[in-house]
Amino acid sequence: MAKDKYRDGRYAEARDTAEVTDDAEVVGMDRRELIKYLTESNKKLARQERQLAALAEQRRSEPDKIELIIDCLSAEKRIVDELSDNMVATVDTGDMRIANEIKTRMMPHLKRYNSLVEEYRAKTGGALTPASYSIPDDIIAKREYAVLPLLTYTTQPADDEYDDGSSTHSVAIMSAKEFAKYTAESERAMAPVRSKLENTVKKMSASDGQEKAILILTALSLEKQLIDSDIELVGASVKSTSPRDVQDAKRRLNADAKEYNSLVDEYEKLTGGKLTRASETLAQDVAAGREYDLLPTISYTVNDTANGDTEEEKYKNAKKNIQNAADNEKKVALTALEAKINEQANKDLSVLTKHADFKVSMLESERDIARYRFGMAPKASKKRKKEIEKEIAAIKRTHREALRYEESDNKRYYAVVKNDPDTMKVAKKRADRDKIASLRGRMIALLNQRDEINGKLMSIYTGSEINNDGSSVNQAWRRIKNEAAERAVKKDKKLAKKVARLPATPAEKQSIYNIMNKKLDAVSTLALCEHRLRKEKLSRAEARELREDIARQRKIMKQCDSDVNWRAEQIKKRGAKKGGAGWVVGFIVILLLVLGAGAAFLWFFGQDLLSGLGL
Amino acid sequence: MAKNKSARLADTKVVKGRSSRAEELELERLEIKREMEKIMAQYAKITGLSELGSRRYKVGKAPNDYRSEE
């Protein structure tokens with residue numbers, strides 16, 4: 001573990017945890033399945049490589065940021081893991097040619113990973129496990145291979161950055177590192193429960209009869225706590241920017257649910273009694289934000305059958321059981337309410353984040369395209385870029401503030417929902433209790449209404465994406481636009497030179513460049529619209545709008561071409577006319593000069609000539 | 001002349017349509033917030049929990065409130 005102090009006083013703690021190979025999911029495919037799997041995997045890899053490229057780009061501007069080195073390491077690990085899975089699947093089907101191709105693809109990633117480990121060591125003095133270059137060969141030889149360690153790190157703010165910690169902070173969108181931190185916290189909190197569960201299971205196997213039944217119930221209760229924590233983790237993982245986090249959290253929840261059900265089976269076998277089982281689709285339901293059944297809280301009462309219960313004891317036990325059942329029901333209802341509140345509050349904050357992302361993406365798009373301009377002086381272009389940077393920074397700043405205020409608002413609104421009017425100490429009078437209950441009802445209705453609107457807003461701000469992976473989608477869009485603009489600039493370079501040579505004023509030339517720039521915008525927008533229409537699943541209305549946009553951009557491009565030609569022609573014609581008029585003026589001047597010279601000649605020599613002629 | 005037609009992505013029908021739909025919903029959301037604040041004021045008065053009724057900004061003025069002129 002390495003602890004590094006940043007220049008601004010923050011700390012980062014990085015650690016790597018060994019991972020074991022689990023290839024069960026990728027073996028046993030036939031060739032057709034393998035091709036399908038590899039096609040899907042290639043799409044995933046392309047996305048991961050884009051994320052890595054974005055991180056590398058970010059590192060170029062902040063080379064000293066340790067967090068970015070670790071993020072890059074994690075991104076490289078994800079790619080190597082994916083390639084390893086692909087290789088395992090390929091070797092399993094016996095297709096060695098593809099396996100060797102994957103090996104060639106994996107080696108540069110391993111090298112980069114190790115150079116990052118070295119850089120991390122040089123900058124912080126901390127040691128991380130390097131990647132083994134024998135991974136591909138081990139996979140080909142079907143040996144155990146060294147999976148790259150799971151990297152997690154936590155950052156600690158500088159002393160002056162600490163908040164008062166008075167409120168639980170719900171995060172709208174989490175980066176991979178934030179989620180890693182969240183997972184670590186959750187694991188720490190659940191460590192005592194896991195250890196208790198292990199002890200209980202050990203005791204269980206050494207016991208029998210009623211004692212065993214009680215131990216099973218205790219184990220079930222502990223397992224339920226783990227499942228509840230896993231549910232929270234899956235809920236949070238959906239907000240992580242890394243899709244792998246969702247899979248990991250789901251896998252964890254599935255494992256605990258399976259364990260829970262095996263305990264239920266054991267209990268039913270032992271006692272013949274029935275208990276509620278964990279749903280098999282629990283993880284999927286939680287991740288998809290669907291309704292799911294919470295597990296009931298387990299409680300039990302012990303009847304001492306050896307001594308024989310008296311009627312009074314039986315009555316007490318029955319009463320206690322009823323009380324327990326009522327308590328359980330209340331607890332379940334409360335847990336469900338809290339889960340619902342967390343879900344709604346998080347969605348609400350996500351909307352703010354997505355709104356800011358939406359605005360930022362528009363500006364980023366403009367900043368990108370500002371690079372490809374005709375006629376604009378580099379100074380003006382740089383100035384616009386700086387302005388955009390400032391606008392983006394302002395949006396991000398406001399967004400952070402907005403999140404804080406929204407969180408505090410939500411805390412107040414949901415306090416009304418959480419407070420039970422029947423048990424509130426402040427509501428002594430019955431009339432007050434009724435009024436509070438009615439206000440609470442109205443508040444719940446309004447919050448549900450807001451949640452519905454939030455759902456619609458989310459779908460607008462995130463488009464057709466389902467995994468909240470807006471940033472990478474945005475990057476893909478920007479890439480498409482940039483490539484199209486670059487192609488258009490290359491194509492129109494000659495035309496720009498011709499415009500520069502025209503006999504026109506700088507203002508006239510700039511007006512032609514402006515038209516050319518408009519065509520550039522149209523070309524890049526058209527490329528994106530066509531891409532979206534081809535690749536995305538769109539609603540009918542959106543597809544229609546896109547088709548209309550495409551037609552409109554084509555029309556603009558055509559119009560721009562003809563405008564540029566028309567203006568150039570006009571300028572040329574004017575130049576030609578100016579040239580023609582010059583000739584006429586010159587001819588008249590010469591004629592006047594000749595006539596003037598003739599008149600002067602006659603004036604001076606007129607008398608002599610006349611006398612010479614005898615006149 | 002294509003003088004009044006913009007070719008920028010932000011001015012496409014898809015994006016503009018999205019923005020206007022989002023604006024309608026954001027305004028609706030703001031109205032709900034206004035209603036909720038009214039309830040909060042009444043709630044704070046009845047229960048005496050004054051901290052629940054106090055908000056630093058008026059609805060529509062806080063950084064987390066949507067403003068259409070943005």
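## The area between chains A and B

When chain A and chain B sit together, about 4900 Å² is buried between them, and carbon and sulfur atoms give 63% of that. Buried area here is the accessible area (1.4 Å probe) that two parts lose on being put together, summed over both. The size of an interface is often given in just this way, as the accessible area lost when the parts come together.

A quick note on the model: it is predicted, so local features need pLDDT of at least 70 and side-chain atom pairs count only at pLDDT 80 or more, while totals for chains, interfaces and linings use all residues. Residues are numbered from 1 along each chain as its sequence is written, chains are lettered from A and ligands numbered from 1 in the order in which they are written, and side-chain values use heavy atoms, with hydrogens and water left out.

## Who touches whom

Chain A brings 58 residues to the contact and chain B brings 45; contact means heavy atoms within 4.5 Å. Seven salt bridges run between the two chains (a side-chain nitrogen of Lys or Arg within 4 Å of a carboxyl oxygen of Asp or Glu). One of them pairs A:Asp409 with B:Lys33, whose closest N and O atoms are 3.9 Å apart.

On chain A's side, the elements giving two or more residues are α9 (311-369), α10 (378-418), α11 (430-462), α14 (506-535) and α15 (540-612). Helices are DSSP runs (H or I, at least four residues) and strands are too (E, at least two), numbered from the N terminus. The largest share, 16 residues, comes from α11(A). By type, chain A's side splits into 24 nonpolar, 10 polar and 24 charged residues; Ala, Val, Leu, Ile, Met, Phe, Trp, Tyr, Cys and Pro count as nonpolar, Asp, Glu, Lys and Arg as charged, and the others, Gly among them, as polar.

## A look at A:Asn410

A:Asn410 belongs to helix α10 of chain A. This residue is buried, at a relative accessible area of 4% (buried means under 20%, exposed over 50%, partly exposed in between; 1.4 Å probe, protein chains only).

Leaving aside neighbours within four places in sequence, A:Asn410 is in contact with A:Ala345, A:Asp348, A:Leu349 and A:Arg450. With A:Arg450 there is also a side-chain polar contact of 2.8 Å; that term covers N or O atoms within 3.5 Å, where within protein one must be able to donate a hydrogen and the other to accept it, and residues adjacent in sequence count only if both atoms are side-chain atoms.

## Chain B by itself

Chain B has two helices and zero strands. Of its 70 residues, 46% are buried.
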